[in-house]
Amino acid sequence: MSRPSRVGLLDYGSGNLHSARRALEATGAEVLVSSDSAAFDSCDGLVVPGVGAFAACMAGLVSVGGDDLVTSWIERGRQLLGICVGHQILFETGVEHGIRTSGLGILPGTVERLDAERLPHMGWNIVQPPPDSTLFEGLASERFYFVHSYGVHAPDGLGAGVRVTTATHGGDTFVAACEAPSVTSTQFHPEKSGEAGARLLSRWVATLL
């Protein structure tokens with residue numbers, strides 16, 4: 001009998017760790033919550049949550065050495081899942097209230113205010129995955145839970161090897177999720193997205209072993 005997947009949940013002062021932990025444990029995974037990078041050595045996957053402002057999240061990440069952890073984790077080909085602002089900080093830059101903050105630069109693109117009359121974009125929305133998506137197979141018609149005012153505009157994709165799922169709010173289309181060889185990220189909160197989110201998390205955890 002194979003052992004359960006071990007998932008690290010990075011605590012850097014941002015994100016609803018309790019709901020994320022519960023949702024990941026519901027997949028059958030063992031979950032370790034820590035701010036210590038070395039604690040994740042035995043983990044099969046790493047989850048980076050995040051809520052609030054891009055700059056504040058980056059500052060919190062750097063304060064615990066999470067920037068180096070994420071970069072080295074991905075460089076070693078280990079699986080990472082970014083959620084909400086944890087998705088956003090994987091990009092090159094964030095611009096909020098005229099302030100430009102460097103992100104991790106794992107993915108090309110700029111996080112900027114959505115061009116929609118009603119913000120924040122809060123509530124349930126459908127997504128448009130590409131035909132070759134494995135993350136959203138069987139979930140293309142489902143709704144996921146979003147809470148954000150900023151996002152990445154990338155209608156032409158994010159380069160070779162990155163599958164981009166989009167969503168539209170107020171006529172503005174933005175990146176809702178990314179799938180790359182070692183990186184999966186979602187602008188929405190799968191841990192708050194009911195059965196669809198649970199299935200998506202189970203699918204990600206299943207790739208870890």
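Predicted model: local features only at pLDDT ≥ 70, side-chain atom pairs only at ≥ 80, totals over all residues.
Local features need pLDDT of at least 70 and side-chain atom pairs pLDDT 80 or more, while totals for chains, interfaces and linings use all residues. Residues are numbered from 1 along each chain as its sequence is written, and side-chain values use heavy atoms, without hydrogens and water.

**Helix H1**
- In helix H1 (residues 17–25), Leu17, Ser19, Ala20, Ala23 and Leu24 are buried (under 20% relative accessible area, 1.4 Å probe, protein chains only).
- These buried residues fall within an arc of 165° seen down the axis of H1, so they line one face of the helix; the arc is taken from the directions from the helix axis to the C-beta atoms.
- His18 and Arg22, on the other side of H1, are exposed (over 50%).
- Strand E1 (6–10), strand E2 (30–34), strand E3 (45–48) and helix H5 (194–206) are among what covers the buried residues.

**Nonpolar cores**
- The largest nonpolar core has 48 residues; a core is a set of buried Ala, Val, Leu, Ile, Met, Phe, Trp, Tyr and Cys residues joined through side-chain atoms within 4.5 Å.
- A second, separate core of 14 residues includes Phe136, Phe146, Phe174 and Ala196.

**Aromatic pairs**
- The whole structure holds 6 aromatic pairs (ring centres within 6.5 Å, using the six-membered ring of Trp; planes under 30 degrees apart are stacked, over 60 edge-to-face, the rest tilted).
- Phe136 and Phe144 pair edge-to-face, at 5.7 Å centre to centre and 90° between the planes.
- Phe146 and Phe188 also form an edge-to-face pair, at 5.5 Å and 70°.
- Ring pairs join Phe136, Phe144, Phe146, Phe174 and Phe188 into a cluster.

Conventions
Helix = DSSP H or I, 4+ residues; strand = E, 2+ residues; numbered from the N terminus. Contact = heavy atoms within 4.5 Å.
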